[in-house]
Amino acid sequence: MINIRFPNNVLYGNILNGLPVQESSFDGLYNSQKIEHLSLIDFHIELKNSYKNLRKGGIFRCVIPDLEVAARRYLIELDNGKKTASVMLALN
């Protein structure tokens, strides 16, 4: 795992347990390629906790993989005889 050093003012937490911040204190919140790995229950908890931290008018930006693109790529590779199509899909 890569050890990335963040500035000292960066707080760490788990959105499922709640973050160590005051409610309604974020102007924006960014989530990238994580929620699709959660159970449905945890997904709802994460969204609830995320929106609880946003100020009124705050922006929640969420990036998730495009399932259609991945499925089409998988099927093309499978049709072309690539036995490792599913492995390549998992790595992308």
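**Chat about a predicted model**

Colleague: Hi! Which part of the sequence pairs up with which here: what share of the contacts with a separation of 6 or more comes from residues 24 or more positions apart?

Modeller: Hello! This is a predicted model, and in it such residues account for 64% of those contacts in the protein chain.

Colleague: Nice. And how many helices and strands does the protein chain have?

Modeller: There are 3 helices and 2 strands. Going along the sequence, their order is β-α-β-α-α.

Colleague: What about the radius of gyration of the protein chain?

Modeller: It comes to 18 Å, whereas a compact globule of 92 residues would be near 12 Å. The C-alpha atoms fill a box of roughly 55 × 30 × 20 Å along the principal axes.

Colleague: And what percentage of the residues is buried?

Modeller: Buried residues make up 14% of the 92. The protein chain exposes about 7,800 Å², with 58% of that supplied by carbon and sulfur atoms.

Colleague: Switching to charges: how many positive and negative side chains are there?

Modeller: The protein chain has 11 positive and 9 negative ones, and the centres of the two sets lie 5 Å apart.

Colleague: Last topic, aromatics. How many pairs does a search of the whole structure find?

Modeller: The search finds 1 aromatic pair. Y51 and F60 form it, with 5.2 Å centre to centre and 50° between the planes.

Colleague: Is F60 buried or exposed? And Y51?

Modeller: F60 is buried, at a relative accessible area of 17%, while Y51 is partly exposed, at 48%.

Note on methods:
Residues are numbered from 1 along each chain as its sequence is written. This is a predicted model: local features need pLDDT of at least 70, side-chain atom pairs count only at pLDDT 80 or more; totals for chains, interfaces and linings use all residues. Side-chain values use heavy atoms; hydrogens and water are left out. Helices (H or I, at least four residues) and strands (E, at least two) are DSSP runs, numbered from the N terminus. The radius of gyration is taken over C-alpha atoms; the globule rule is 2.2 Å times the number of residues to the power 0.38. Buried means under 20% relative accessible area, exposed over 50%, partly exposed in between (1.4 Å probe, protein chains only). Contact means heavy atoms within 4.5 Å. Accessible areas come from the Shrake-Rupley method with a 1.4 Å probe; for residues, only the protein chains shown count as cover. Lys and Arg count as positive and Asp and Glu as negative; His and the chain ends are not counted. The place of a charge is taken as NZ of Lys, CZ of Arg, CG of Asp or CD of Glu. Rings of Phe, Tyr and Trp (its six-membered ring) pair if their centres lie within 6.5 Å; planes under 30 degrees apart count as stacked, over 60 as edge-to-face and the rest as tilted.
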